[in-house]
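This report covers helix packing, the nonpolar core and a few individual residues. The sequence and the model come first.

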Amino acid sequence: MEHASTGIEQAVKIHKALGEQTRYKIIQILSAESNLCPADLENRLVTVALSTLSHHLKQLSDCGLLTSQKKGTYIYYSLNTDTVQKFAPYLLDT
């Protein structure tokens with residue numbers, strides 16, 4: 001039973017994160033193209049400041065929707081397809 005409640009908690013965190021328009025757009029962008037740094041995402045989102053974008057990326061990472069990889073001084077983000085497939089497979093249809 002413990003595993004079921006953990007899955008439910010993660011599902012709720014994921015859907016709360018996706019309930020915000022900017023975070024949903026970030027997921028859409030990353031479902032089309034992987035390994036983007038915050039500056040790349042900022043250019044695609046246009047109206048989002050880099051400081052706000054960092055907050056959104058942290059929330060998406062914390063709930064398991066994103067993976068990150070540091071290369072030099074940059075961090076590159078990608079969709080965590082295993083988590084997306086399990087909790088929000090409709091995001092992969094875009």
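## Loops, helix packing and core

V46 sits in the loop that joins helix 3 to helix 4. The model is a predicted one. Although V46 is a residue other than glycine, its phi is positive, near 60 degrees. V46 counts as exposed because its relative accessibility is 66%, and the cut-off for exposed is over 50%.

A positive phi is also found at N35, which is not a glycine; the value there is about 55 degrees. N35 belongs to the loop between helix 2 and helix 3. With 37% relative accessibility, N35 counts as partly exposed.

Helix 3 covers residues 38-45 and helix 4 covers residues 50-62; their axes come within 10 Å and cross at roughly 110 degrees. Helix 3 is therefore roughly perpendicular to helix 4. The crossing of this pair is right-handed. On the helix 3 side the contact involves P38, A39, L41, E42 and L45, and on the helix 4 side L50, L53 and L57. Sorted by class, the contact of helix 3 with helix 4 consists of seven nonpolar residues, no polar residues and one charged residue.

Helix 4 also meets helix 2. The axes of helix 2 and helix 4 come within 10 Å, with a crossing angle of roughly 70 degrees. That angle makes helix 2 roughly perpendicular to helix 4. From helix 2, the residues T22, R23, I26 and I27 meet L53, H55, H56, L57, Q59 and L60 of helix 4. By class, this contact of helix 2 with helix 4 has five nonpolar, four polar and one charged residues.

| Helix pair | Crossing angle | Axes come within |
|---|---|---|
| Helix 3 and helix 4 | roughly 110 degrees | 10 Å |
| Helix 2 and helix 4 | roughly 70 degrees | 10 Å |

Which residues touch the most other members of the largest nonpolar core? They are I26, I27, L30, L41, L65 and L66, in a core of 24 residues. At least two residues of this core come from each of helix 1 (2-18), helix 2 (21-32), helix 3, helix 4, strand 2 (74-79) and helix 5 (81-87).

L65 can be followed through its contacts. Setting aside neighbours within four places in sequence, L65 is in contact with I14, L18, I27, L60, S78, L79, N80, T83 and V84.

F87 is part of helix 5. Its relative accessible area is 15%, so F87 is buried, the cut-off being under 20%. Not counting residues up to four places away in sequence, F87 touches G7, Q10, A11, I14 and H15. One of these, Q10, is 77 residues from F87 in sequence, while the C-alpha to C-alpha separation is 8.5 Å. I14 is a contact of F87 and also of L65.

K13 lies in helix 1. At 52% relative accessibility, K13 counts as exposed. From K13 to L30 there are 17 residues in sequence and 19 Å in space, C-alpha to C-alpha.

How values were computed:
Residues numbered from 1 in each chain as written. Predicted model: local features only at pLDDT ≥ 70, side-chain atom pairs only at ≥ 80, totals over all residues. Heavy atoms only, no water. Axes fitted to C-alpha atoms, helices over the stretch in contact; angles between N-to-C directions. Helix = DSSP H or I, 4+ residues; strand = E, 2+ residues; numbered from the N terminus. Parallel < 35°, antiparallel > 145°, perpendicular 65-115°, else oblique. Left-handed = near helix turned anticlockwise from the far one by under 90°. Contact = heavy atoms within 4.5 Å. Nonpolar A, V, L, I, M, F, W, Y, C, P; charged D, E, K, R; others polar. Core = buried A, V, L, I, M, F, W, Y, C linked by side-chain atoms within 4.5 Å. Buried < 20%, exposed > 50% of the residue type's maximum accessible area, 1.4 Å probe, protein only.
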